[in-house]
Amino acid sequence: MNITVAGENSLIIYFGQHLSPLHQSSGASPEIASQVQQAVTVLTDSLGDLIIDLVPSYASLLVIYDIFRTDLHTIRPQIRQLLSGVNQSDQSTGQLVELPVYYSIESGPDLEQLATNKGLSVEEVIELHQAMEYRVYAIGFAPGFAYLGEVDERIAAPRLATPRQQVPRGAVGIADRQTAVYPSVSPGGWNLIGLCPQRMFDPDATPTMPVKVGDRVRFNSIDRETFLSLGGVL
């Protein structure tokens, strides 16, 4: 664990110096992700009002603290001591969140091509995608954009050579061994295989996102009629 200065009132904590070959391409590691999530819980519970915000990522945690309540020389040793018991073997499981997906050629413009490239049927790609349980490694790019890993290597695919200028809200994509649901209309270069009617970010809801870092996600296949009845838009 390495704690470095990130700004006048922030520190960044790096967990783990090396990733296994399996996780080097995506930067994801279940063990290190568990350490990050444990650290979030420990610092939230122990430091209280000293903390303004905690921003977790794949293998790091940004800590923004209140300079009117503490300072670098006080909080850094506090953090180091509090996190001395965090380890890889105690993996927190997080909440299990199930997301419905309408997988089809209609809703997933890259589904058929992905299947062809992988020597699989469309049905096999769908089955492999929803068979896995994914960890939320990070949330970024846009509010509610959760980076999930890892997809079965048989359906892993590189980003598109030319990104789309507009990807619809709810689009479910694959990039390398990661998968995600686009929370809003935006440009994007992931391989699109379906649509999810669940809103991944709603500023008027509490909580604003259905998932957080450390949670687990499973995708469940639904038909077109169910998708539309749940508020999905084609």
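A pocket, on a 1 Å grid over the protein atoms alone, is an open set of points where a 1.4 Å probe fits, with protein on both sides within 12 Å along at least five of seven lines; its lining residues have an atom within 4 Å of a point. This is a predicted model, in which local features need pLDDT of at least 70 and side-chain atom pairs count only at pLDDT 80 or more, while totals for chains, interfaces and linings use all residues. Residues are numbered from 1 along each chain as its sequence is written, and side-chain values use heavy atoms, without hydrogens and water.

**Largest pocket.** Select Gln37, Val40, Asp53, Leu54, Val55, Pro56, Ile139, Met209, Lys212 and Val213, which line the largest pocket. Two elements each give two or more residues to this lining: α1 (30–47) and β3 (51–56). β3 supplies the largest share, four residues.

**Helix α1.** Now select 30–47, the run called α1. Colour its buried residues (under 20% relative accessible area, 1.4 Å probe, protein chains only); among them are Ile32, Val36, Gln37, Val40 and Leu47. Their cover includes β2 (10–14), β3, β4 (60–65), α2 (72–82) and β6 (134–139). Step just past α1 to Gly48, where phi is positive, about 50°.

**Second largest pocket.** About 160 Å³ of space lies here. Select Arg169, Gly170, Cys196, Pro197 and Val233: of the 16 lining residues, these are the closest to the pocket's centre.

Terms used:
Points joined across faces, edges and corners; volume = space filled by probe spheres on them. Buried < 20%, exposed > 50% of the residue type's maximum accessible area, 1.4 Å probe, protein only. Contact = heavy atoms within 4.5 Å.
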